[in-house]
Amino acid sequence: MSDSDIEVLKNQLSIARNEIKNLRQQISNLQHVHQKDVQNIQTTLENFQCRSCQLNTGKGSNEESAENGHDTSTSEDIPFRAIGVIRTAFSEKRAVPRQANVASKLISRIELNPTVFNNPKHSVEGLDNFSHIWIIYHFHRNQAHLKAKVAPPRLGGERVGVFSTRSPHRPCPIGLSLVQLERIENSTIYFYGTDMVDETPVLDIKPYIPQYDVPGQIDEQQFYNSREAPDGEENVEQATASSSRNINQNVTVPNWIANGSTLKVAFNENSEQQIMELGVDKKSISDILQADPRSVYLRTKYGSQIYTFQLGDNTVTCKFDDLNSVVNVLHVRKVVNLSEVDDDDAENRNVE
């Protein structure tokens, strides 16, 4: 065995040790989440009351409400029926982009539920006339850890009110994403821009209309319809830009959102070769890692660590270098189906 072969083996051993360390960190995180789940279950059981107990304590007294002229229906439990399901490349929540425009080239699809309409194809007629759509969906994989204040990743651990963030951990776990419509085939809607996990239930779909959805657009249109151009002002683009600047002054966001930083993504020769062999979209990997998919907990407690995530049928392994704001992609491998491996081993044993 040559010296180069020994160095390769040492490098692979080092990577394997780092991956094991990362797995131990993940197990520790899961234990923390598990403890919170147990606490929430205990709290729910301690506060649980059956229907008769609620009536005896005055809760759910619909007769009294009806006598007072109030609506007897409760606003606390509002049932919704999913109209379909979203299919994406993310089988797990790990590394799912926080915003739809982060991985703008990842294509996903909505499969409408055929039981909602007799002919679901009719429900999307005319939708292909729009370039973008709003998707309203349910965060069905989130744990019920309700907190009034959360820590957005860009704030580095500082907490703000949940309603001033896009955090998926909300009292009502409803998501809203603006995506680019790619095409519609029968009752299946294909779109670019993915920030949902696979099998996410869809609650509604609405077309994106800039005149209504962008602040100031209607005022700008009315301004130009009612205004006469001054003498000598023949440059329409300049006039539009001037008006847009005035309107955009009314739209503000916090500095921690406006000044968000991005990481530099580097691919080694090994990952470059694997990407070519597997036909993986390199830009999608780069887009996901540039925005730093790690949680605040992982980034602050385990800095510069090995990080793995699944993208479709492949697993991406990388290493963060927080000191230099770089993330290095080490491996892109095909996901191994352990059940298939076990079946093959069983068949081999039967043959033997």
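Two strands pair if DSSP finds at least two bridges between them. The legends below apply this to a predicted model.

View 1. The predicted chain holds 11 helices and 12 strands. Of its 352 residues, 29% count as buried. The accessible surface comes to about 23600 Å². Carbon and sulfur atoms make up 49% of that surface. Among contacts with a separation of 6 or more, 69% join residues 24 or more positions apart.

**View 2. Strand E10 in its surroundings.** E10 covers residues 306-311. Five of its six residues are buried, so the strand is largely enclosed by the rest of the structure.

**View 3. The pairing of E10 with E11.** E11 spans residues 314-321. The two strands run antiparallel and share six bridges. In this pairing, Gln310 stands opposite Thr315 of E11.

**View 4. The turn between E10 and E11.** The two strands form a hairpin. Two residues lie between them. Gly312 sits in this turn, with a positive phi of about 65°.

**View 5. Cys172 and Cys318.** Cys172 is exposed, because its relative accessible area of 55% lies over the 50% cut-off. Cys318 is buried, because its relative accessible area of 0% falls under the 20% cut-off. A disulfide is a covalent bond between the sulfur atoms of two cysteines. How many disulfides does the chain have, counting cysteine sulfur atoms within 2.5 Å? The count comes to zero.

Conventions:
Residues are numbered from 1 along each chain as its sequence is written. This is a predicted model: local features need pLDDT of at least 70, side-chain atom pairs count only at pLDDT 80 or more; totals for chains, interfaces and linings use all residues. Side-chain values use heavy atoms; hydrogens and water are left out. Buried means under 20% relative accessible area, exposed over 50%, partly exposed in between (1.4 Å probe, protein chains only). Helices (H or I, at least four residues) and strands (E, at least two) are DSSP runs, numbered from the N terminus. A disulfide is a pair of cysteine sulfur atoms within 2.5 Å. Contact means heavy atoms within 4.5 Å. Accessible areas come from the Shrake-Rupley method with a 1.4 Å probe; for residues, only the protein chains shown count as cover.
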